[in-house]
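The sequence and structure come next.

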Amino acid sequence: MDIVLQVLLFMLIGAGIGFIGGVLGIGGGLLAIPLLVLLQNMEQQLAQGTALIMVLPAVILTIRKYNQYARIDRGSAIAGAASASLFTWIGAFFALSLPSSTLRLIYAMFVLAVALYYFQQSAALRRRRAPATKQAADYPRWIFAVVGVLAGLAGGIFGVGGSVIAVPVLTRFLKLSQFNAQALGLTMVLPGLMVALLTYASHGQVDWSIGIPMALGSICLVPVGVRLAHGMPEPRLKLIFACMLLLIMVLLLLKI
């Protein structure tokens, strides 16, 4: 493929992923990884490392836009980010030691579990009135450090996905709104994403020629996605999230 056409193609793919990531608050990496596996026939570890290049700037921009709509509690985010960073590093080394097919299967099962959870949550919210929500400031900081441990392990093992663990915990157990949980979850995993990218890159599991165009495309449509998410009813947002995760799982299983 001509280099210019390749750059344009991956910019367009990145733009679409950035929009979806802005809507769902997941950074877009969960969708980028199976696409890289299918389109480029990448090994799972290489796809995860390459996706991190796109995810990092997209997450930074997404956090900025989320913070404009709902102020993120910095103390809670810092507590979660500190533990997430350490456990991201641990998880990344574990992932790099696994066979690619094994990691892909584990990744698909992880995504399926999260998708089923969000289907259940969406259905439950449609059947009853929305429960009263709380704020991150209502809880002690150590609770967010525990959430950061779980998010960090997921982010390290799967390259991305720490916020996919953090958001359900924040909504289910701490009763944060979906929008606020997405904003806080992404903020908590941001430093861990940097750790993961450095770890994967140090092991040669990053393709910069693909990741950089995807990153440039992604940041163009992230603000549009966040703006759409802000005005979307919570049950619908969770349903879309679940459907997207189910699609991701199917794409991954096609390569196993």
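## The second largest cavity

Which helices each supply at least two residues of the lining of the second largest cavity? In this predicted model, they are α4 (74-96), α6 (141-158) and α8 (178-202).

The count of cavities of 30 Å³ or more comes to 2. Sorted by class, the lining has 6 polar and 4 nonpolar residues, and no charged ones.

## Packing of α4 and α8

Helices α4 and α8 pack with their axes 7 Å apart, at an angle of about 35 degrees. The crossing of α4 past α8 is right-handed. On the α4 side, the contact is made by S76, A77, G80, A81, A84, S85, T88, W89, A92, F93, A95 and L96. On the α8 side, L184, T187, M188, P191, G192, V195, A196, T199 and Y200 take part.

The residues of this contact comprise 14 nonpolar and 7 polar, with no charged ones.

## Residue T62

T62 is part of helix α3, which covers residues 44-69. Is T62 buried or exposed? T62 is buried, because its relative accessible area is 1%, and buried means under 20%. Leaving out residues up to four places away in sequence, T62 touches L186, V222 and V226.

Definitions and conventions: Residues numbered from 1 in each chain as written. Predicted model: local features only at pLDDT ≥ 70, side-chain atom pairs only at ≥ 80, totals over all residues. Heavy atoms only, no water. 1 Å grid on protein atoms, 1.4 Å probe; cavity = no way out; pocket = protein on both sides within 12 Å on 5 of 7 lines; lining within 4 Å. Points joined across faces, edges and corners; volume = space filled by probe spheres on them. Helix = DSSP H or I, 4+ residues; strand = E, 2+ residues; numbered from the N terminus. Nonpolar A, V, L, I, M, F, W, Y, C, P; charged D, E, K, R; others polar. Axes fitted to C-alpha atoms, helices over the stretch in contact; angles between N-to-C directions. Left-handed = near helix turned anticlockwise from the far one by under 90°. Contact = heavy atoms within 4.5 Å. Buried < 20%, exposed > 50% of the residue type's maximum accessible area, 1.4 Å probe, protein only.
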